[in-house]
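Visitor: I am new to reading structures. Could you show me one and explain the words as we go?
Guide: Gladly, here it is.
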Amino acid sequence: MFSFTEFDAYILQKDATELPGNIRVNKNIQLLRDVWLCKKPDSACPSTHCYVTTSDEHFPLSHEHFNCWAAAMLKGTEHAMITKPPNHRLFDAIDTRGNITQEKLSPVLQHRLAALEPKSNTPQVSSPVINVTLGNDILGFAHTSMGPQLQMPQHKIETMNDSLLPMTHVPGEDMTIIDFCTRYDLGDMILKKLQDNSFRKARPLRFLTISALKEMGFVHGEIAELRDAVEQWSTLVRN
């Protein structure tokens, strides 16, 4: 009869760690670590990985957070996504809108996050808004003085029609590409494809075309979601 040795225990442990569920959890952990790597220097943030809100609040992430988050992602997107933490006690400080409730943080985390807040208390003064009304005669004069209208070349029209940003809109506020995908509820695959093509901020999206998105591997449904998000993010220019 064979005796149960330390080697047998090692084999059983090794088999357990390589179960399909554990492999998927480990892959999710690595993906989460890549996405939520804190960009602040060590002197500004004590954690190497943070969940960052749209208002640039930092929530330090430990291995326990990553393990819980990665496991919840296996249950489906309604439970957790790479841009949405799970509904779990470890994440109680993050509300349904993705913001951090300071009162629910531990005293240690409150102290660490307080160190990240800007110290300046200088009030911001908004610039005055001046409205100028032009009469119809002035507008008419301007129209006639411009001379005959020039027709735009066909290839220019086709290029503008192919643009991801509608030609009637201007770009919205800049933010990280993670915040952009989170705010407009874009899926993990869209975020990954944008990051794989080195998109780190939202404003460069104004240079993208539908043709370029297809070359980047975006399918029709993803392109439609991205166009809808860009239209919401941008501002309509009214005549």
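Guide: Let's start with a definition: a residue is buried under 20% relative accessible area, exposed over 50% and partly exposed in between, using a 1.4 Å probe and protein chains only. This is a predicted model, where local features need pLDDT of at least 70, side-chain atom pairs count only at pLDDT 80 or more, and totals for chains, interfaces and linings use all residues. Residues are numbered from 1 along each chain as its sequence is written, and side-chain values use heavy atoms, leaving out hydrogens and water.

Visitor: Why does serine 198 count as exposed?
Guide: Its relative accessibility is 56%, so serine 198 counts as exposed, the cut-off being over 50%. Serine 198 lies in the loop between H8 and H9; helices are DSSP runs of H or I with at least four residues, strands are runs of E with at least two, and both are numbered from the N terminus.

Visitor: What makes the phi of serine 198 worth a look?
Guide: Most residues other than glycine have a negative phi. Serine 198 is not a glycine, yet has a positive phi of about 65 degrees.

Visitor: Why is H2 called oblique to H3?
Guide: Helix H2 (residues 20-35) and helix H3 (residues 63-73) pack at an angle of about 120 degrees. Angles under 35 degrees count as roughly parallel, over 145 as roughly antiparallel, 65 to 115 as roughly perpendicular and the rest as oblique. The angle of about 120 degrees therefore makes H2 oblique to H3.

Note on methods:
Axes are lines fitted to C-alpha atoms, for helices over the stretch in contact, and angles run from 0 to 180 degrees between N-to-C directions.
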